[in-house]
Amino acid sequence: MATWLKEWNPEDNNFWESTGKKIAWRTLSITTIALTLSFATWFMMSAIVTRLPGVGFQFTDNQLFWLAALPGLAAGTLRIVHTFLIPIYGTRHTITIATLIKLIPVIGIGLAVMNPGTPFWIFVVLALTAGFGGGDFSSFMPSTNMFFPARLKGTALGIQAGLGNFGVSIAQFMTPIMIGVALYGAPQLFKSVDKVTGESITKEIYLQSGAMWYAPLLIIIAIISWKYLKSIPIKASFKEQLDIFRDKHTWYCTITYFMTFGTFAGLSAAFPLLMKVLYGNFDPSLDPLKYAFYGPLIGSASRILFGFVADRTGGAVLTTITGIGLLASVAVMLSFGLVNPTGMEQFPMFVGTMMALFFFTGIGNASTFRQFPIIFKHNPRQAAGVIGWTAAIAAYGPFIFSLSLGAFIGSTGNAEGFFWILGVFLVIATLINWYFYDRKGSERPS
């Protein structure tokens, strides 16, 4: 089967209607399903770590934060690599192989959690391999950007990234369900506290199922990708693609996308443990996974919705609104002591404010990806590269957020210091977006 298409010109309306539209939407459908599984496998560790102490693992809170953080470290680094793969190897080969390789963390973590004697260093290695699921985003998005005409880029990128982000919710929602299903191996005894009586209770769970259930889905999607995906004939060597780093707007876009997706991914990874550590002492029966999946769900939904909006309003104004909304939410966190709580009465407001943070990150995730192709409209190949690069740096969000929150909580017992620093960064990123892209007379209005 031929891998490379002979021609591709989506801006030509005749070509688009006769040939391009069908191929582009078919590619988007397949790669979006694959990306959703990528996000799910990337964040499965953040859900699984909340259950490890209950089945006998003697890891400290700091070690658990490390395990939640490491997939983000690996994903950010791998996204730098993925940024340059599509113009070299094409969509078909890159997506297929990236899907198959995620079998390593899925099966590996499934086997590791079956034995409470599994040493911490093995979990460290497996947490890093979970980053395979986050790394390939920087191949998916540049690929989609090249398949669609400019008038549909915001919509297409919003759909793909938004539905892909649902994978985070899938991981955090499905893990409690799947650990009750016997797929492979013996059950573990999980100890918890009854919320009503306060008594210790024990039940059987299959923690390995929380990882292994992805395996057959990954195999199926890999086969479909190999059979139906094609590659666009826009090729460039690694050296040629480095020209994006000579443009200052690459770096400004990196800052604004870290404000949006870096915050989304960082909070998604840290939210379950943050909830447990800050409020678990007031209610030992608190199960963070009952609440955690709502955040990524809201952020993903708003990303899809505002992808359509950004195509009509432009992205820059929505990114400015995002920065203001995030800053207001952080101010509420600090003003009402929600990240340095004194009791469970603050818990509902804490969860509600976190939902607001996720909502605004979704708006910004959609608007920034609408901006980047316009900011670099003079060179579509560079636009694709910038999308991949900014996504790579933003993927360090889970590592930076989880590790920093763990450090602040470990030293002070609360997360106020982290949110003060986050607030300062939000001010800087919002001003950069407004000055260069949003204000009247800006350098590259988008």
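1. Contact means heavy atoms within 4.5 Å. With that in hand, take Thr41. Leaving aside neighbours within four places in sequence, Thr41 is in contact with Lys102, Val106, Ala130, Gly133, Tyr214 and Leu218.

2. A word on the source. This is a predicted model, where local features need pLDDT of at least 70, side-chain atom pairs count only at pLDDT 80 or more, and totals for chains, interfaces and linings use all residues. Residues are numbered from 1 along each chain as its sequence is written, and side-chain values use heavy atoms, with hydrogens and water left out.

3. Back to Thr41. Thr41 sits in helix 1 (residues 13–48). Helices (H or I, at least four residues) and strands (E, at least two) are DSSP runs, numbered from the N terminus. Is Thr41 buried or exposed? Thr41 is buried, with a relative accessible area of 0%. Buried means under 20% relative accessible area, exposed over 50%, partly exposed in between (1.4 Å probe, protein chains only). The Thr41 side chain also reaches the backbone oxygen of Ser38, at 2.9 Å.

4. Now the largest pocket. A pocket is an open set of points on a 1 Å grid over the protein atoms alone, where a 1.4 Å probe fits, with protein on both sides within 12 Å along at least five of seven lines; lining residues have an atom within 4 Å of a point. The largest pocket holds about 820 Å³ of space. It has 34 lining residues, and Lys276, Pro284, Ser285, Leu286 and Asp287 are the closest to its centre. A volume is the space filled by probe spheres set on the points, and grid points are joined across faces, edges and corners.

5. What supplies this lining? Strand 1 (188–193) is among the elements that supply at least two residues. Strand 1 gives the largest share, 4 residues. By class, the lining of the largest pocket has 18 nonpolar, 6 polar and 10 charged residues.

6. The second largest pocket holds about 270 Å³. Of its 17 lining residues, Glu11, Asn145, Phe148, Lys153 and Pro380 lie nearest its centre. Helix 7 (137–147), helix 8 (150–178), helix 16 (347–375) and helix 17 (380–394) each give two or more residues to this lining. Helix 16 gives the most, with 3 residues. Why does this pocket lie between domain 1 and domain 2? Both domain 1 (1–236) and domain 2 (240–445) give residues to its lining, so it lies between them. Domain bounds come from an automatic or database domain assignment.

7. Helix 7 deserves a look.

Note on methods:
Nonpolar A, V, L, I, M, F, W, Y, C, P; charged D, E, K, R; others polar. Polar contact = N/O pair within 3.5 Å; in protein donor to acceptor, adjacent residues only side chain to side chain.
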